[in-house]
Amino acid sequence: PHGVAVSAGALFVYDSGHFRVLVYNNPTADFTADVVIGQSSMTSGAGATASSTNVGSNEGALALDGEGRLHVASGSQNRILRFSPPFTNGMAADLVVGQPDFGSTAPATTASGLNYPMAIAFDPAGNLLVADFFNNRVLRYAAPLESAMAATGVLGQINFTTATSGTSATKFTTPIGLAFDAVGNLFVSEFE
């Protein structure tokens, strides 16, 4: 597992080795997954080409927005997919960020492209923050989110087309984690 998210009544686990997200609707009483996203059934776990129903593999992250929609960051597919409830087996994503469409996966160093997103989080205003690992930056996508949208802010770089690493107050080296505190301050962890 490479990511976990929790809502009021459900546990979401990113089982990246099996190209899927498992949804446990009552995890305190029932330890069996109720829904699988990214596969057509609970017993399948094979990779597939990028699509609106394939979540990808390798490192990534999960986050829920204020409306209970699940966001899956797939490092290997250089994109973030959004799945809206109700959650069902093999369902399709309704939004993609970091790519122009659901079938694309190329890495990019632009305002609308990603290069191995490793962490995602929502700020108090509902904006999506993405730790863009190989671009050494954190991007902010302003709410409301739209497919293939461009980021509206960047931390760690002087612009959207630079990807140099560094050890200063204005640079990152491979950001890998994001978190907000109770008053909305952003914390970023780095791999190196």
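Throughout, a residue is called buried when its relative accessible area is under 20%, exposed when that area is over 50%, and partly exposed in between, as computed with a 1.4 Å probe on protein chains only. The structure is a predicted model, in which local features need a pLDDT of at least 70 and side-chain atom pairs count only at pLDDT 80 or more, whereas totals for chains, interfaces and linings use all residues. Residues are numbered from 1 along each chain as its sequence is written, and side-chain values rest on heavy atoms, with hydrogens and water left out.

With helices (H or I, at least four residues) and strands (E, at least two) taken as DSSP runs numbered from the N terminus, the protein contains zero helices and 14 strands. The radius of gyration, taken over C-alpha atoms, is 16 Å, which agrees with the value near 16 Å for a compact globule of 192 residues, the globule rule being 2.2 Å times the number of residues to the power 0.38. Along the principal axes, the C-alpha atoms fill a box of roughly 45 × 35 × 30 Å. Of the 192 residues, 49% count as buried. When contact is defined as heavy atoms within 4.5 Å, 41% of the contacts between residues at least 6 apart in sequence join residues at least 24 apart.

His2, in the segment before strand S1 (3-6), is partly exposed, with a relative accessible area of 38%. Its C-alpha atom lies 5.6 Å from that of Tyr14, although His2 and Tyr14 are twelve residues apart in sequence. When residues up to four places away in sequence are not counted, His2 touches Tyr14, Ser16, Asn58, Glu59, Gly60 and Ala61. Tyr24, by contrast, belongs to strand S3 (residues 20-24) and counts as buried at 17% relative accessibility. With the same exclusion of residues up to four places away, the contacts of Tyr24 include Gly9, Ala10, Leu11 and Val13, as well as Phe31, Thr32, Ala33 and Asp34. Between the C-alpha atoms of Tyr24 and Val188, which are 164 residues apart along the chain, the separation is 28 Å.

Arg69 and Asp65 meet in a salt bridge at 2.7 Å, N to O, and Asp65 counts as buried at 11%. Asp65, Glu67 and Arg69 are linked in a network of salt bridges. In a further pair, the closest N and O atoms of Asp94 and Arg82 are 2.9 Å apart. This pair links distant parts of the chain, with Asp94 in the loop between strand S7 (79-83) and strand S8 (95-97) and Arg82 in strand S7, twelve residues apart. Asp94 is partly exposed, at a relative accessible area of 37%, whereas Arg82 is buried at 11%.

Backbone geometry was also examined. Most residues other than glycine have a negative phi, and most peptide bonds are trans. Another cis peptide bond, with omega of about 0°, joins Ala143 and Pro144, the latter being found in the loop between strand S11 (137-141) and strand S12 (153-155). A positive phi of about 55° occurs at Phe19, which is not a glycine and which is found in the loop between strand S2 (11-15) and S3. Asn78, also not a glycine, has a positive phi of about 50°; Asn78 lies in the loop between strand S6 (70-74) and S7 and is buried at 5% relative accessibility.

How values were computed
A salt bridge is a side-chain nitrogen of Lys or Arg within 4 Å of a carboxyl oxygen of Asp or Glu.
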